[in-house]
Amino acid sequence: MNRQINTGDVDAVFEGNKDFIKKLAAEIAEEFGWDENWLNDGVKGWLSSRDADPDVKALFNTYPAEDQPGLRVYPAKPEYLFAMKCRAMRVGGVETNSDIDDIKLLARAIGIKSSQDALTLVEKFYPQNMLQPKTRLGLEEIFSNLDIDHGTGQTH
């Protein structure tokens with residue numbers, strides 16, 4: 001999936017020494033003139049109970065080396081990211097919301113073509129009782145206006 005990053009921050013879940021990570025992030029922000037909150041762990045509130053399942057994330061890289069202590073980067077697979085985006089969907093107009101653009105992009109990438117397919121996938125990560133009505137309604141609105149087959153990123 002190719003997408004230019006246009007976000008002002010990186011959402012991450014930190015394990016290990018969180019204070020050390022926050023200190024390094026602050027130093028990096030100062031060095032490059034970035035927002036001090038460029039790296040944040042706010043996403044932890046949206047994690048699925050399946051987060052530890054090896055099928056939902058993939059090892060991207062290990063720093064400095066695989067056989068040494070250090071950083072391990074595990075991005076969420078598109079299906080999991082789609083489910084998180086749907087669950088976290090912000091209220092406030094489908095046409096002006098960056099979550100909606102992300103949901104559309106991910107839907108195309110993983111072949112989701114209807115609100116029912118989308119909801120079925122989301123429920124693989126989150127029980128129905130964890131989903132707010134806005135999720136179902138938002139998905140219905142997104143997919144009622146989305147022409148997946150063109151793959152142009154435009155709605156018709």
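Is Asp-41 buried or exposed? Asp-41 is buried, at a relative accessible area of 17%, where buried denotes under 20%, exposed over 50% and partly exposed the range in between (1.4 Å probe, protein chains only).

1. Basis of the note. The model is predicted: local features need pLDDT of at least 70, side-chain atom pairs count only at pLDDT 80 or more, and totals for chains, interfaces and linings use all residues. Residues are numbered from 1 along each chain as its sequence is written, and side-chain values use heavy atoms, with hydrogens and water left out.

2. Nonpolar core. The largest nonpolar core comprises 23 residues; such a core is a set of buried Ala, Val, Leu, Ile, Met, Phe, Trp, Tyr and Cys residues joined through side-chain atoms within 4.5 Å. Phe-82, Tyr-126, Leu-139 and Phe-143 have the most contacts inside this core. At least two of its residues come from each of helix H2 (78-87), helix H3 (98-110), helix H4 (115-125) and helix H5 (133-144). Helices (H or I, at least four residues) and strands (E, at least two) are DSSP runs, numbered from the N terminus. In soluble globular proteins, nonpolar side chains tend to be buried together.

3. Helix H2. Tyr-80, Phe-82, Ala-83, Met-84, Cys-86 and Arg-87 are the buried residues of H2. Their cover includes H3, H4 and H5.

4. Helix H3. With 13 residues, H3 reaches 18 Å from its first C-alpha to its last, close to the 18 Å expected at 1.5 Å a residue; the expected span is 1.5 Å times one less than the number of residues. The buried residues of H3 include Ile-100, Ile-103, Leu-106 and Ala-107, and also Asp-99, Asp-102, Lys-104 and Arg-108. H2 and H5 are among the elements that cover them. Just after H3, Gly-111 adopts a positive phi of about 85°.

5. Thr-135. This residue belongs to helix H5 and is buried, with a relative accessible area of 0%. Apart from neighbours within four places in sequence, Thr-135 is in contact (heavy atoms within 4.5 Å) with Cys-86, Arg-87 and Met-89.

6. Surface patch. Phe-20, Leu-24, Ile-28, Phe-32 and Trp-34 make up a nonpolar patch on the surface, with about 480 Å² of accessible area together. Patches are made of residues with over 30% relative accessible area and no salt bridge, like charges being joined within 9 Å and nonpolar side chains (Val, Leu, Ile, Met, Phe, Trp, Tyr) within 5 Å. Accessible areas come from the Shrake-Rupley method with a 1.4 Å probe; for residues, only the protein chains shown count as cover. Trp-34 sits in the loop between helix H1 (18-32) and strand E2 (39-40) and is partly exposed, at 43% relative accessible area.

7. Salt bridges. The count is 5, under the rule that a side-chain nitrogen of Lys or Arg lies within 4 Å of a carboxyl oxygen of Asp or Glu. One of them joins Glu-27 and Lys-23 (2.8 Å, N to O); both residues lie in helix H1, 4 residues apart, about one turn of the helix. Glu-27 is partly exposed at 40%, as is Lys-23 at 48%. Asp-41 pairs with Lys-44, the closest N and O atoms being 3.1 Å apart. Asp-53 and Arg-50 also meet in a salt bridge (3.1 Å, N to O); Asp-53 is partly exposed at 25% and Arg-50 is partly exposed at 28%.
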